Amino acid sequence: MLELVDITKVYRGGKRAVDSMTMRLDNGMLGLLGPNGAGKSSLMRIASTVTRPTSGRVLFHGTDVVAKPDVLRRALGYLPQDFGVYPHLTSREFLSYLAAAKGLSARSARTRIDELLQLVNLTEAVKRPLGKYSGGMMRRVGIAQALLADPQVIIVDEPTAGLDPEERVRFRNLLSDLAADRVVMLSTHIVSDVESVASDIAVVAQGRLLRRGSPEDLLAAVEGWVWEVLADPGDVPALQQRHLVSRMVRTSSGVRVRLLTHVPPYATAQQVTPDLEDAYLAIVGQVVGRTQEFAGLQHPEGR
Amino acid sequence: MRMLFRLAVADFWDRVRRPAYAVILFAAVGLGYLATPAKEAGWVVMQVGDYRGAYNSAYVGMVVALAGAVWLSLGGFYVVRNAISRDESTGVGRLLAATPLSNLAYLTSKFLSSVLVLGSMLGVLAVTAVVMQLARGEATTVDPVDLLSPFVLIALPIMAFTAAAALLFEAIPFLRAGLGNVLWFFIWAFIAIGGQSPNAPLGGIGVHQVVHSLGDSMKAQGIDPSEAGEFSLGLTLVSKPLKTFEWTGFDPSSAYLLTRCVLILIAVALALVPAFWFPRFDPARGRELQDPSAQSADNRTEDKSTFPAMPVVAIQEEPGAARSDTFGNVPRAQVKLGNSAVRLLVGEVRVLLQGIPLWWWAGVLTLTAVSQMVTPATGVTRILLPLAWIWPVLIWSRLGTQRHEHGVEAILGAYPAAHRRVLAEWGAGLLLTAVAGIGPALRMLTGSDGPGLLHWFLGALFIPSFALALGMLSRTHRLFQAAYLPLWYGTVNGITPLDFMGALRGPDGLPAGMSPALLIGATVVMLATAFATTAARRVAG
């Protein structure tokens, strides 16, 4: 349905934010995971037609939307990482304005806005100017606008920033529900945001797609690589130098260190079951200076 | 002291690395060129009747420095107007507020940075002056002292005063935004005109002693200054080339130097006096000063009880069980597309007029009512129409800027039909212009003043186009405010070539200002600029 073909984005000054990335998205949720500066937001902006790629094509049902962006824009719900609102308008006025900008009929706009305000639990604040909303409430307005036109494609960039834990859970579930019959692309650097809802995960770093697969695929890639050792606090710096440490917990008997390596670091080390965070760190670590240790991991692939 | 200097220099670099700075420097070069026209050019910036000085270092330095003092004090004010607000919008202010940096030190660094920015423009002007002296070829020897001393003695104190006023305005809540920009225009006009008077306090802009010196040189060369004509500073059209005389500069008296120093001291005091009330980026104090309605819910405890927590369905999942649907109310209503042009226009009107207080509307009503009562009808077009079309200046200046200013661009970038929104925004501006000027229009209608009504209509098309184009290009309110006010002021002062609204009438009673063709052409160019800017920004991403 939505295809990103060999996308490259080079900003002024030569910064290559996205480097020859190719991926195909069909109904379902793709979680885009990567460290800060990995190129996630650039890729999201390109996929949502906000930014033009330096090279490459974005196809929606076969139409090149770099040349004809309105084809996708009519079917798109986009929630950027940072956005603002008109502070003196109410949420209903703001959404009405955006519905008109989307080209919704008057009746559709009215019904849809009522439903969405209820969905994001803003009905009681509907008469209040947006300038008086909290960060979380503002985020919910952003979510509502993304769903205004019942989009076929939903692209959300770091959507849970500013939401409290309950709202995060609800929003993730909402996305999961929507993904049943839509394309949903979710970008985050918080592993827990995707592990609970995304059936398909793409890990990116330094503008490149490192790996794509189901959570089970990613976990399988680091099976047997995760170890826990109880170390003397004085030995921790040496361990950090030698291995990729994913977690450390200071206990009364020493520091319990969870690390990733393909050979036992100590005789006393215990192999443990990897989680998605371990897999993510291992995949990203392949790029950031531990190539030798993680050379065994599979190569990136696009679908 | 070193810390202050470092802060000021860092701030200076941050400002000069923005693309707008290059435009400003380009404008400074243009001003230097304008101030030293060729013999056959049809304009001058400084003259004594039919005479001007030969282009040696002293005269070129003086004329360019005076042009800089007069015009950079207007344009420069709008350039350095964001010293504090930039720190507020970037969040740097809150970081600085948590350091031991005192209010006094902060304001001092901001003042120094603004003086550096304006001083750098003077520097470019000075270099331009050298180039122009050599290009004109009337004197080939460059005397750096003669050339630079007018910049130091006349232009620099004025720039310091301008920088201080900009900082002071930023620190006074009700002058922080558009009202301050408008007020500065009138203060500037008062200083630029009144400051040339021999009776101006502290010697005004410092030109009077220069005029004396020019007169003395003329007398020494056998020219009677009283017969030659009056001294004039400002862009003036001349029908024939001016005669020249030699002027080798002036020796400033100690009293003159003292007044320049006092002016700088006053500037320093003006810049630092806000240290007494500066809120130091405290959101609570700052927002109270600005606009109580803008108080965030983050800081208001009652919100927690006003808004119910989002209902969460608690489900105990069995291991291996399918995920239960905890969010069953996804909207499923079918969405249909339709004609949304009117609603989009209504939306743009709402956006444009957001936060406008009732007293503003009361002003429109008053002007409309008074327009129906004033006699003769020419008084309506000469006085009330200009008043009606200065009243919305701060609202017009929002055109083309609000999406960027409020960060809504991030959302709208992925919305279809951007040109439709631009058209709707222009329509909202047109409606506003028509409503504000409806009183004089009705009067012209009842008085069967067809030509006047045509000019009113063309003016109503021109103003929002002008505002939208400048707003889209600059993404700030200030450019339109700085450009529209001189145009309006020129109209009010009877300069017919600037009259875009049909306020000035010829002896035959017909509008004597810009021709309809010129107004239509300007409107089309402005609208094309607005659409082209939108398209270019979308392509640039």
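Hi everyone. Let's begin in chain B, where helix H7 (residues 144-171) packs with helix H11 (residues 254-272) at an angle of about 15 degrees, their axes 8 Å apart. Keep in mind that this is a predicted model. Angles under 35 degrees count as roughly parallel, so that is the word for H7(B) and H11(B). As for handedness, the crossing of H7(B) past H11(B) is left-handed.

Which residues make the contact? On the H7(B) side, they include B:Leu153, B:Ile154, B:Pro157 and B:Phe161. From H11(B), among them are B:Tyr256, B:Leu257, B:Arg260 and B:Leu263.

Now let's move over to chain A and look at a sheet. A quick reminder first: strands of a sheet pair through backbone hydrogen bonds, and they can be parallel or antiparallel. Here we have an open sheet of four strands in chain A, in the order S2-S1-S4-S5, and the pairing is antiparallel. Which strands sit at the edges? Those are S2 (16-25) and S5 (63-64) of chain A, each pairing on one side only.

Let's zoom in on one pair. Strand S1 of chain A, residues 2-10, runs antiparallel to S2(A), and six bridges join the two.

Helix H1 of chain A, residues 40-47, lies across S1, S2 and S4 (55-60) of that chain. Its direction is at about 55 degrees to S2(A).

Terms used
Residues numbered from 1 in each chain as written. Chains lettered and ligands numbered in written order. Predicted model: local features only at pLDDT ≥ 70, side-chain atom pairs only at ≥ 80, totals over all residues. Heavy atoms only, no water. Pairing = 2+ DSSP bridges. Contact = heavy atoms within 4.5 Å. Axes fitted to C-alpha atoms, helices over the stretch in contact; angles between N-to-C directions. Parallel < 35°, antiparallel > 145°, perpendicular 65-115°, else oblique. Left-handed = near helix turned anticlockwise from the far one by under 90°.
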